[in-house]
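User: Please take a close look at how the strands pair in this structure. Then carry on into the side chains and whatever else bears on the fold.

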Amino acid sequence: MRLDLDFADVINKLITLLEGLTGGDIFFVLKNNYVERHYYTKNGIWKKIHFIKQILKENKYRKLNHMLKEYPVYYPFLLKGNYCYIIPIIIKNSLKGYTFIVREKTREFKEQEIEVINNILSQAGVVIENSFLIEETHAMNFEIVKSLVKAIEAKDTYTKGHSQRVAAISNLIAKEMGFTPQTMKKIDMAAVLHDVGKIGISEKILNKVERLTEEEYNQIRKHPENGYEIVSQIKNMLQIAEIIKYHHEKWDGTGYPEKLEGEFIPIESRIISVADTFDAITSDRSYRKGASIEKAYEEIMINIGKQFDPFVVKNFLNIEREKIIKIIKI
Ligand SMILES: [Fe+2]
């Protein structure tokens with residue numbers, strides 16, 4: 001099992017694995033912080049909670065703790081026509097919760113089977129702990145990210161909402177391209193932060209109505225690298241920082257900062273580039289009014305193979321226009 005999965009994924013994978021192995025219903029109760037996350041993540045988990053609650057109700061146990069007090073762990077026992085097996089989850093030598101396996105009376109737990117289940121669950125504690133730590137870091141990073149975005153938006157009134165729209169369009173493209181939820185999360189965060197490097201540019205330049213001088217223009221062109229510098233300081237965000245660094249590169253190698261070409265540009269940056277341009281064309285700026293959606297589509301198509309990766313654009317064009325229009329109107 002990979003260790004970079006998020007918490008809900010880990011629980012879900014463990015449940016699927018144990019279900020397949022035992023043919024029973026699996027259900028986790030995890031103490032403290034884990035409980036809420038566990039209960040509310042996926043529909044499948046809800047059903048299992050409901051199922052176990054039903055059993056407990058039928059047996060007049062109002063709380064799970066009663067069941068845990070009366071029945072032994074590591075020994076299968078019969079409970080109202082079902083076989084139950086309770087295994088504690090130990091993380092760093094402390095008890096963090098329990099796994100319940102429930103199945104029909106006709107299917108007794110065999111010794112060998114119990115051994116395999118115990119083996120899997122002895123590893124599960126480590127995996128759950130790791131995924132939880134990763135999730136915590138993500139949550140913390142997300143808070144930092146949100147405050148960074150607020151800081152940019154406070155300076156540059158015309159780009160207010162731009163980052164969110166770029167993230168939403170990038171998300172649709174990534175989904176169309178069939179990326180995993182992990183990659184989609186990465187794209188989402190990079191898209192929200194893509195212009196964070198503008199923090200270092202003066203408000204006068206950002207909101208200037210007149211034509212920019214060459215010096216001012218050069219300052220603006222530095223924002224992808226500035227963004228990289230800022231985001232790469234945050235723990236575990238180096239990859240996000242790299243996506244940000246290359247969001248102004250062009251497929252034909254004429255972009256900046258490094259003039260990367262074609263597939264040398266990270267795919268996530270190529271996706272954000274299409275979403276960014278599309279939204280920039282349709283939104284109002286200090287020096288002009290936003291153009292129509294038709295005009296934006298036209299611009300994207302004209303630049304296939306020049307500014308944009310043809311495959312990314314192909315996927316972008318596959319998305320229903322209604323969905324894109326809904327985002328643009330936010
Ligand atoms: Fe940008």
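Analyst: Two strands pair if DSSP finds at least two bridges between them. Strands themselves are DSSP runs (E, at least two residues), and helices are runs of H or I with at least four residues, both numbered from the N terminus. This is a predicted model, in which local features need pLDDT of at least 70, side-chain atom pairs count only at pLDDT 80 or more, and totals for chains, interfaces and linings use all residues. Residues are numbered from 1 along each chain as its sequence is written, and side-chain values use heavy atoms, with hydrogens and water left out.

Start with β4. Strand β4 (residues 94–104) runs antiparallel to β1 (residues 25–30), and 6 bridges join the two. Within that pairing, Phe 28 is bridged to Thr 99 of β4. Strand β3 (residues 82–91) is also antiparallel to β4, through 10 bridges. Here Tyr 83 has Arg 103 as its bridge partner in β4. The β3–β4 hairpin has 2 residues between its strands, and Lys 92 in this hairpin takes a positive phi near 45°.

Leu 14 lies in α1 (residues 7–22). At 3% relative accessibility, Leu 14 counts as buried; buried means under 20% relative accessible area, exposed over 50%, and partly exposed in between (1.4 Å probe, protein chains only).

Now the rings. A pair of aromatic rings is described by the distance of the centres and the angle of the planes. Rings of Phe, Tyr and Trp (its six-membered ring) pair if their centres lie within 6.5 Å; planes under 30 degrees apart are stacked, over 60 edge-to-face, and the rest tilted. The count comes to 5 aromatic pairs. In one of them, Phe 278 and Tyr 297 have ring centres 5.0 Å apart and planes at 75°, so the pair is edge-to-face. This pair links distant parts of the chain, 19 residues apart: Phe 278 is in helix α12 (residues 267–282) and Tyr 297 in helix α13 (residues 293–302). Both Phe 278 and Tyr 297 are buried. Phe 278 also pairs with Phe 316, with centres 5.3 Å apart and planes at 65°, so this pair is edge-to-face. Phe 316 sits in helix α14 (residues 310–318), 38 residues from Phe 278.

Arg 103, the bridge partner of Tyr 83, places its charged end over the ring of Phe 109, 4.3 Å from the centre. A charge sits over a ring if NZ of Lys or CZ of Arg is within 6 Å of the ring centre and within 35 degrees of the ring normal.

Helix α12 also holds Ser 273. Leaving aside neighbours within four places in sequence, Ser 273 is in contact (heavy atoms within 4.5 Å) with His 247, Glu 249 and Phe 308. His 247 brings in the iron ion. The protein donors of the iron ion are Asp 195 (OD), His 223 (NE2), His 247 (NE2) and His 248 (NE2), at 2.2 to 2.3 Å. Donors are N, O and S atoms within 2.8 Å of the metal (3.2 Å for Na, K and Ca); water is not among the atoms, so sites may look incomplete. At 2% relative accessibility His 247 counts as buried, whereas His 248, at 22%, counts as partly exposed.
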